[in-house]
Amino acid sequence: MGLTSSFGRQLAPKIGQLAPNVTSRAVLEAFNRAVDGIGPLPGAAAAAEKQLAEQKGNVERAIHEVIENNVRLAGGQGFATNLGGLVTLAVALPANITGLALIQCRMIAGIAHLKGHDLDNPRVRNAVLATMLGEEQVNGLIKNKKLPGTPMAMATAPVLDETLAVVLAGEVATFLISKVAGKRLATMVGRRIPVVGGVVGAGADGYSTWRAGRYADRELLPRSRR
């Protein structure tokens with residue numbers, strides 16, 4: 001994993017040239033769609049409440065279902081966007097990255113809602129973005145003084161940093177590009193055998209989403225639900 005991640009970081013600038021639209025602005029747009037909903041897609045809170053009702057008010061079970069449902073969604077889009085191999089790379093790559101951003105944003109925001117956090121609060125939205133980076137990345141950015149604290153600390157900060165959302169969105173864009181670059185190394189065989197690339201892509205995106213969900217569940221502590 002370390003080797004793949006290292007190569008992913010090295011390849012990220014080149015991957016970014018193929019996905020010029022994957023910017024902090026694109027991440028924020030995906031984030032807003034994930035949290036607020038768009039068209040037939042319900043917002044994160046509404047989707048989470050549906051799971052809570054299905055689990056008869058059991059928050060832990062609802063969170064488990066939110067994670068499992070989004071892992072399946074991530075796997076599906078990971079399969080579809082890794083089917084074509086090299087020929088469709090320029091088209092599939094931005095779709096894979098923004099699709100993963102949308103799914104993981106929606107999942108983490110849903111977990112935050114079920115834990116009693118107000119998704120209309122910009123501090124909580126910052127926390128959701130930070131959680132997408134994963135525990136290791138967050139700790140590294142805190143150590144390098146690029147982030148003021150953990151996602152939970154951001155969610156409960158007494159003062160809002162107006163610039164933090166843009167900074168976080170930029171970090172998330174770079175992080176997702178890096179992850180997809182690393183995954184492309186594992187799916188190189190898929191350039192000749194597309195279905196294999198799709199299977200590996202599905203597994204990688206599903207696992208990445210599962211880890212993000214588990215981190216959100218650990219990191220975002222419960223608050224009283226109104």
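Helix axes here are lines fitted to C-alpha atoms over the stretch in contact, and angles run from 0 to 180 degrees between N-to-C directions. Helices (H or I, at least four residues) and strands (E, at least two) are DSSP runs, numbered from the N terminus. The model is predicted: local features need pLDDT of at least 70, side-chain atom pairs count only at pLDDT 80 or more, and totals for chains, interfaces and linings use all residues. Residues are numbered from 1 along each chain as its sequence is written, and side-chain values use heavy atoms, with hydrogens and water left out.

Start with the whole chain. Its secondary structure comes to 10 helices and zero strands. Along the sequence the pattern reads α-α-α-α-α-α-α-α-α-α. Of the 226 residues, 46% are buried. Buried means under 20% relative accessible area, exposed means over 50%, and partly exposed lies in between (1.4 Å probe, protein chains only). The accessible surface comes to about 11400 Å², and carbon and sulfur atoms hold 58% of that surface. These areas come from the Shrake-Rupley method with a 1.4 Å probe. Contact means heavy atoms within 4.5 Å. Among contacts with a separation of 6 or more, 78% join residues 24 or more positions apart.

Now take one helix pair. Two packed helices are described by the angle between their axes and the distance between the axes. Helix α2 spans residues 24-36 and helix α6 spans residues 122-131. Their axes come within 12 Å and cross at roughly 115°. The two helices are therefore roughly perpendicular to each other. The crossing of α2 past α6 is right-handed: the near helix is turned clockwise from the far one by less than a right angle. From α2, the residues Val27, Leu28, Phe31, Asn32, Val35 and Asp36 take part. They meet Arg125, Val128 and Leu129 of α6. By class, this contact has six nonpolar, one polar and two charged residues. Ala, Val, Leu, Ile, Met, Phe, Trp, Tyr, Cys and Pro count as nonpolar, Asp, Glu, Lys and Arg as charged, and the others, Gly among them, as polar.

Next, three alanines. Alanine 101 sits in helix α5 (residues 89-114). It counts as buried, at 2% relative accessibility. Alanine 101 and alanine 30 are 71 residues apart in sequence, yet 6.6 Å apart in space, C-alpha to C-alpha. Leaving out residues up to four places away in sequence, alanine 101 touches Ala30, Met132 and Leu176.

Alanine 155 lies in helix α8. At 4% relative accessibility it is buried too. Its C-alpha atom is separated by 5.3 Å from that of alanine 127, 28 residues apart along the chain. With residues up to four places away again left out, alanine 155 touches His117, Arg123, Val124 and Ala127.

Alanine 47, in helix α3 (residues 44-54), is partly exposed at 23% relative accessibility. Valine 66 is 19 residues from alanine 47 in sequence and 8.2 Å away in space, C-alpha to C-alpha.

Finally, look at the loops. Most residues other than glycine have a negative phi. Lysine 56 has a positive phi, near 55°. It is found in the loop between α3 and α4 (59-80) and is exposed, with a relative accessible area of 79%. Lysine 145 also has a positive phi, near 60°. Its loop runs between α7 (135-143) and α8 (151-155). At 75% relative accessibility, lysine 145 counts as exposed.

Notes
Angles under 35 degrees count as roughly parallel, over 145 as roughly antiparallel, 65 to 115 as roughly perpendicular and the rest as oblique.
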